[in-house]
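Below are some brief notes on the model, as numbered points. They begin with the ligand and then turn to the sheet.

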Amino acid sequence: MFQRWFAKPPGTFNHSFADGLQVQVAPVTPAHAPRFEAGYQRLSEQSRRMRFFGQVSNLSSRQLEFLTRPDGRLHIAYAALDVGAPQEPGIGVGRCIRLDRDSRIAEVALTILDDYQGRGVGLLLHATLHRAAYAVGLQQFLYDVAAENERFIRHLLALGARQVSRDRDVVRLMLPVLGRGDAVSARTAPALRLRRLLDAVAAAEPARPLS
Ligand SMILES: CC(C)(COP(=O)(O)OP(=O)(O)OC[C@H]1O[C@@H](n2cnc3c(N)ncnc32)[C@H](O)[C@@H]1OP(=O)(O)O)[C@@H](O)C(=O)NCCC(=O)NCCS
């Protein structure tokens with residue numbers, strides 16, 4: 001596996017937000033499957049539509065198996081759990097999947113449960129994915145975002161992404177994989193937040209997994 005010698009993919013670590021929320025970020029494993037099932041049930045219709053485009057009422061066992069068995073190279077996935085409520089399903093998940101085996105481009109998907117949206121966890125998972133992808137030699141992230149999700153599209157543009165196509169339903173954007181805070185060239189407020197989070201992820205101490 002091609003791995004940048006100076007960057008290791010993040011392991012399990014904890015992160016505290018200014019509002020008091022304590023989050024554990026961990027590589028997804030099959031042990032997370034019950035959390036995925038429970039979390040999916042809690043996702044609002046709107047969030048499901050934004051993330052999965054069509055509506056899926058339940059995850060099939062095949063989907064669940066796929067979502068919880070990332071290999072760390074073709075498919076990278078991290079879960080965010082609430083340290084203050086470890087029995088709850090969790091907060092969200094971020095993943096990226098290479099377009100094909102040898103590609104340096106991966107498609108990103110982020111999902112945060114509705115109760116936790118807007119508190120910074122999506123950007124933390126996003127920073128974690130950048131760091132992990134950088135460590136395994138990925139160069140570009142691709143995002144297919146529902147055209148109605150204007151807020152998130154604006155956010156990606158503010159991070160420095162460029163729009164590469166748009167049809168009625170989907171806007172496609174691309175952003176170079178950012179391994180470190182100083183690689184962030186945009187100077188918007190979200191980009192500066194990403195910069196700080198990338199540095200925090202790179203410097204994070206390993207934590208004992210919640211489960
Ligand atoms: C989009 C999403 C992943 C962002 O995660 P989050 O933890 O809520 O976001 P953060 O607090 O880290 O903020 C990052 C950006 O997310 C967007 N965001 C935040 N809260 C949001 C909400 N309630 N609804 C939609 N977008 C939201 C904003 O664009 C925000 O950027 P800004 O502060 O520059 O405006 C999350 O809201 C979500 O899962 N939404 C449903 C699924 C989805 O839209 N996925 C994106 C397609 S890959």
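1. A backbone N or O atom of G118 lies 2.8 Å from an oxygen atom of the ligand, and a backbone N or O atom of R151 is 3.1 Å from an oxygen atom of the ligand. The side chain of Q117 places an N or O atom 3.0 Å from a ligand nitrogen. Polar contacts here are pairs of N or O atoms within 3.5 Å. On its own the ligand exposes 840 Å², of which the protein buries 85% (Shrake-Rupley areas, 1.4 Å probe).

2. This is a predicted model, in which local features need pLDDT of at least 70 and side-chain atom pairs count only at pLDDT 80 or more, while totals for chains, interfaces and linings use all residues. Residues are numbered from 1 along each chain as its sequence is written, and side-chain values use heavy atoms, leaving out hydrogens and water.

3. There are 20 residues around the ligand, and I112, G118, G120, G122 and N149 come nearest (near: a heavy atom within 4 Å). At least two residues of this shell come from each of α2 (45–52), β5 (105–112), α4 (121–135), α5 (150–159) and α6 (189–203). β5 gives the largest share, four residues. Helices (H or I, at least four residues) and strands (E, at least two) are DSSP runs, numbered from the N terminus.

4. The ligand sits in the largest pocket. A pocket is an open set of points on a 1 Å grid over the protein atoms alone, where a 1.4 Å probe fits, with protein on both sides within 12 Å along at least five of seven lines; a molecule sits in one if more than half of its atoms lie within 2 Å of its grid points.

5. The open sheet has eight strands with mixed pairing, in the order β1-β2-β3-β4-β5-β6-β8-β7 (pairing requires at least two DSSP bridges). β1 (13–16) and β7 (162–166) are the edge strands; each has a single partner, so one side of each lacks a neighbour in the sheet.

6. At the β1 end, β1 and β2 (residues 22–27) pair antiparallel over four bridges. Five residues separate the strands of this hairpin, and G20 takes a positive phi near 100 degrees. β2 is also antiparallel to β3 (residues 75–82), with five bridges. V25 in β2 is the bridge partner of F13, and A80 in β3 is the bridge partner of V25.

7. β6 (residues 140–146) and β8 (residues 170–176) run antiparallel and are joined by seven bridges. V145 has V171 of β8 as its bridge partner.

Terms used
A polar contact is a pair of N or O atoms within 3.5 Å; within protein, one must be able to donate a hydrogen and the other to accept it, and residues adjacent in sequence count only if both atoms are side-chain atoms. On a 1 Å grid over the protein atoms alone, a cavity is a set of points where a 1.4 Å probe fits but cannot get out, and a pocket is an open set with protein on both sides within 12 Å along at least five of seven lines; lining residues have an atom within 4 Å of a point.
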